[in-house]
Amino acid sequence: MTICAYATFDGLDSDDELDLVLAAWRAAGVEGRAERWDDPAADWSAYDAVVVRSVWDYVPRRAEFLAWARHVESVSRLLNPAAVIAANTDKTYLRDLPSVPTHWSSEDLPHWPEYVVKPAISAGARDTVRTRDRGEAVALAAALEADGRTPMVQPYLDMVETEGETSLLYFNRRLSHAVRRNPMLAGGAADASLAEARTPAADQVELAERVLATVQGPLLYARVDLVRLPGGEPAVIELELTEPYLFLRHDPGAPQAFAKALVELL
């Protein structure tokens, strides 16, 4: 039987997709075992593949995490690949995508009604601030620069409070399902319980697939997070290729689609 590692972190109890994934893998002929990515005792060479999943503590240890990914790839199959992870864990990749308008320094900040300020290397809403005060936005961006981090300053788009963010989930580059997510900065939690299944519009699918086409190599999973700009056109708010939550409980066929994609890539 094929044996694959499910790379996770020390807070395993917070990963409510683990059991669902391992059951779907088992039904597809793949034995899955959860392994903490930073466990020095883990033998990654013992696996046919290592699937990066809930490695949600990597941000303050990014260099260590990328070194781990390169090591694993030297002794096993890593999905997604180390080069993809290295590029995707620094959000400056958004410079090359049709994304939400983003200002990358504390100088010459545009005049927007409301700002979102965050570092380019982050996960979730860590170190992210929403403010109407332009001076505060400048100061927050400058503080990130002083700390050696690249700031991202974006306009807050209030339409996300009505339409929400649309996340499209792809397995082996095939669209599996999509959800409407409550944005993290809209005054509520962004957990899975507040998401709901959504049928994406044609322009959203077209943009998501155009964005994925820019990424070289195999992609076991991808989550493309989109919002609509004031003119109505969709824009990328994030391309999640490292450790995205997959919203597998929001579509009855999603766990099986994920397992099928893994088998195809092995």
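1. Start with the open sheet. Five strands form it, in the order β10-β9-β8-β11-β12, and the pairing is antiparallel. The edges are β10 (196-197) and β12 (234-240). Each has a single partner strand, so one side of each is left without a neighbour in the sheet. Keep in mind that this is a predicted model.

2. Look inside that sheet at one pair. Strand β8 (residues 165-171) and strand β9 (residues 174-181) run antiparallel. Seven bridges join them.

3. Now turn to another pair. Strand β5 (residues 115-119) pairs with β7 in the antiparallel sense, over five bridges. Here V117 stands opposite V153 in β7.

4. Is strand β7 (residues 151-155) mostly covered or mostly open? Mostly covered: five of its five residues are buried. In a regular strand the side chains alternate between the two faces of the sheet. In β7, P151, V153 and P155 lie on one side, with M152 and Q154 on the other. These residues are all buried, so both faces of β7 are covered.

5. Helix α6 (residues 254-265) passes a simple length check. It has 12 residues, and at 1.5 Å a residue it should span 16 Å. The end C-alpha atoms are 17 Å apart, which agrees.

6. Which residues of α6 are buried? They are A254, P255, F258, A259, A261, L262 and L265. Seen down the helix axis, the buried residues fall within an arc of 160°, so they line one face of α6.

7. The second largest pocket has a volume of about 230 Å³. Its lining is made up of A83, V84, A87, N88, Y93, D96, L97, T214, V215, Q216, L239 and L241. By class, eight are nonpolar, three polar and one charged. Which helix gives the largest share of this lining? Helix α3 (residues 82-88) does, with four residues.

8. Last, a loop residue. D43 is found between β2 (30-36) and β3 (49-52).

Terms used. Residues numbered from 1 in each chain as written. Predicted model: local features only at pLDDT ≥ 70, side-chain atom pairs only at ≥ 80, totals over all residues. Heavy atoms only, no water. Helix = DSSP H or I, 4+ residues; strand = E, 2+ residues; numbered from the N terminus. Expected span 1.5 Å × (residues − 1). Buried < 20%, exposed > 50% of the residue type's maximum accessible area, 1.4 Å probe, protein only. Arc of directions from axis to C-beta. 1 Å grid on protein atoms, 1.4 Å probe; cavity = no way out; pocket = protein on both sides within 12 Å on 5 of 7 lines; lining within 4 Å. Points joined across faces, edges and corners; volume = space filled by probe spheres on them. Nonpolar A, V, L, I, M, F, W, Y, C, P; charged D, E, K, R; others polar. Pairing = 2+ DSSP bridges.
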